[in-house]
Amino acid sequence: MNNNKYKTLLSNTVVFAIGNILVKLVSFFLMPLYTSQLTVEQYGIAELLNSSIQIILPVATLCVIDALFRFSIDEDAEHEKMMSTSINLIMKSFIIVLVVCIVFYLFSGYQYTAYFYLLFVATTLHKLFSQFARGIGHIKRFVASGVINTLTLVVMNVILLVVFNGGVGSYLISLIISFFVAAMFSFFASKEYLYINIKAIDKKLLKKMLLFSIPNIPNMLSWWVNNISSRYVIMFFCGAGMAGMFTAATKIPSMINLFVLIFQQAWQYSTAKEIQNDDSKVFFSRVLTYYSGFVFLICSALIILIPYLARLILQGDFYVAWKYVPLLLVAATLGAFSTYFGTFYIAIKNNIMAMTSTGIGATINIVLNLILVPFIGVYGALISSVVGYLIITIIRMIDTRKHISLNINYKFFFIRFALLLTQSIILTAEIPFAKTFTLICFIIMIIIHLNLIGIIIKKIYNIIN
């Protein structure tokens, strides 16, 4: 068997891991700074403003940046046309959003409107330049851009939040500066200015890119509903303080999201390259086997560590939010599997079912949120999140069989999921000897994965050699 495809996936994963782990570690240790320098209400408002960019960006840009990345991977890609055409659309989106923000400010007088617009511009430029660098194969520069973004954020946070004791405005300014600096790094390090030519703007190419990207708009908005909308529902029914605590609790499951992000960045490239190969079924099935085992084991281990990690990350009044983390980890695990299957839609350049599955999950999520949160508070949001992601995963598991044949042991998959869900419920409910029972669940998880652990270690050892 040819190991080149495994080598490519593994080497790309390692490169992305180095950068992303550094980024997340820094972000991880920034949480105590935020929870000590900002009140629960301030942190809730700042994060909601930051999260709102995820709604505006895909709509305003028509998700053309996603198309720019995917189309740039192809061997026959015309990079100058793609970059010039994309930037032309992005510049128009800046003008439209500026007009909307001015009108909004005139009617509302909202004090953070200017911050929001600048954050939108900086975030969009960073995504545009970094994703193009990634698409043309500048993997290390793409990773370096993320590292520079985070390090700049640290410096600005220390200066503005600690030294000058700033509030929400200082937090947002730190984000704006960090995204802009990282964007400029990608732009100049990858010499992207060489790909910009007003004469290269191609309307036919734009139409082709938009046919791929526009279905991703409702998909991105649906992901926002799954990931972010709960915070708004909680804030409406329970107040900004509870929304801030819920948001802080999501930082621990970000460890799972970190692994998913690292894997996804490498996996998108591999699926696009291998989707047409005759032996892709074997490759994709084996990767799923290794991936699923790793995700279940990591999540199970994190559930055991939650009470201890929370003491480090969640300072002061935020600590009580630790009890929300176990079910958030379960939702993150399901999100990891929906990401795996969703990548196939990108590979075949067909986002329709990605949009449909995410839309169904998001609709169920928001409906359950509105029903449950008024009665059981944050726990309603947790249940809604788990159910929403479970629906998305099941739909994609079934639908992707139309495009690629995978060997999936469904019984084994859902046995492991049931074990993980049981472990999280035990800790959340704080039943007597909860920590002991969660440890037993983890040991069982290890036992049923012993063979897989041995195979993965051997595979990695052989590839490295």
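A residue counts as exposed when its relative accessible area is over 50%, as buried when that area is under 20%, and as partly exposed in between. With a relative accessible area of 66%, K402 is therefore exposed. These values, like the others in this section, come from a predicted model.

The protein chain contains 19 helices and zero strands. Of its 465 residues, 55% count as buried.

Salt bridges come next, and a search of the whole structure finds four of them. One is formed by K127 and D66, whose closest N and O atoms lie 3.7 Å apart. This pair links distant parts of the chain, since K127 sits in helix α5 and D66 in helix α3 (residues 64-73), 61 residues apart. K127 has a relative accessible area of 22% and is thus partly exposed.

A further salt bridge joins the side chains of K81 and D202, with an N to O distance of 3.7 Å. Here too distant parts of the chain are linked: K81 belongs to helix α4 (residues 79-108), whereas D202 lies in the loop between α7 (168-189) and α8 (203-213), 121 residues apart. K81 is partly exposed, at 28% relative accessibility. Together with E78, K81 and D202 make up a network of salt bridges.

Returning to K402, its side chain meets that of D399 in a salt bridge at 3.2 Å, N to O. While K402 is exposed at 66%, D399 is buried, with a relative accessible area of 6%.

Helix α5 (residues 113-135) also holds T123. Because its relative accessible area is 14%, T123 counts as buried. Leaving aside residues up to four places away in sequence, T123 touches I53, L57 and F179.

Finally, the surface carries a nonpolar patch of about 910 Å², made by I431, F433, F437, L439, I440, I443, I444, I447, I448 and L450. Helix α18 (residues 434-448) contributes the largest share of this patch, with seven residues. I448 is found in helix α18, and its relative accessibility of 33% makes I448 partly exposed.

Terms used
Residues are numbered from 1 along each chain as its sequence is written. This is a predicted model: local features need pLDDT of at least 70, side-chain atom pairs count only at pLDDT 80 or more; totals for chains, interfaces and linings use all residues. Side-chain values use heavy atoms; hydrogens and water are left out. Helices (H or I, at least four residues) and strands (E, at least two) are DSSP runs, numbered from the N terminus. Buried means under 20% relative accessible area, exposed over 50%, partly exposed in between (1.4 Å probe, protein chains only). Contact means heavy atoms within 4.5 Å. Patches are made of residues with over 30% relative accessible area and no salt bridge: like charges are joined within 9 Å, nonpolar side chains (Val, Leu, Ile, Met, Phe, Trp, Tyr) within 5 Å. Accessible areas come from the Shrake-Rupley method with a 1.4 Å probe; for residues, only the protein chains shown count as cover. A salt bridge is a side-chain nitrogen of Lys or Arg within 4 Å of a carboxyl oxygen of Asp or Glu.
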